[in-house]
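Please look over the sequence and the structure together before reading on.

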Amino acid sequence: MPKSRKRKKHGRVVEDDTSIASWTDGIPLSPSWWAPTFVTFLILGLIWLVVYYMSGALYPIPKIGNWNLVVGLGLMMVGFLMTLRWR
């Protein structure tokens with residue numbers, strides 16, 4: 001199959017844009033456990049809130065009442081903040 005021609009922009013040849021930009025050099029990648037951990041926090045927080053609403057505020061921890069909302073949203077916030085550091 002013949003090789004495709006390079007694109008031209010205003011009469012000049014555009015460089016191949018499939019390589020990684022040079023500004024990413026030196027930035028360490030996240031460890032392999034990072035993505036499963038933040039996804040777990042996000043899902044656990046969501047499940048916590050769903051259980052709280054579905055049980056009529058009786059579960060997951062009945063003694064703390066509406067603070068269950070803070071716990072569920074806190075778990076989700078930890079997961080979200082971890083997504084910002086993911087490389």
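What follows is an account of helix packing and aromatic pairs.

This is a predicted model, in which local features need pLDDT of at least 70 and side-chain atom pairs count only at pLDDT 80 or more, while totals for chains, interfaces and linings use all residues. Residues are numbered from 1 along each chain as its sequence is written, and side-chain values use heavy atoms, with hydrogens and water left out.

Helix α2 covers residues 67–84, and its 18 residues, at 1.5 Å a residue, should span 26 Å, which agrees with the 26 Å between its end C-alpha atoms (helices are DSSP runs of H or I with at least four residues, numbered from the N terminus; the expected span is 1.5 Å times one less than the number of residues). Its buried residues are N68, G72, L75, G79 and M82 (buried means under 20% relative accessible area, exposed over 50% and partly exposed in between, with a 1.4 Å probe and protein chains only). Seen down the axis of α2, these buried residues fall within an arc of 90°, so they line one face of the helix (the arc is that of the directions from the helix axis to the C-beta atoms). The buried residues of α2 pack against α1 (34–54), whereas W67, L73 and L84 are exposed on the other side of α2.

Three aromatic pairs are counted when ring centres of Phe, Tyr and Trp (its six-membered ring) lie within 6.5 Å, with planes under 30 degrees apart called stacked, over 60 edge-to-face and the rest tilted. Among them is the tilted pair of W33 and W34, at 5.3 Å centre to centre and 55° between the planes; W34 is buried, with a relative accessible area of 18%. F38 and W86 form an edge-to-face pair, at 5.5 Å centre to centre and 65° between the planes. This pair links distant parts of the chain, since F38 lies in helix α1 and W86 in the segment after α2, 48 residues apart. F38 is buried at 7% relative accessible area, whereas W86, at 48% relative accessibility, counts as partly exposed.

Note on methods
Helix = DSSP H or I, 4+ residues; strand = E, 2+ residues; numbered from the N terminus. Contact = heavy atoms within 4.5 Å.
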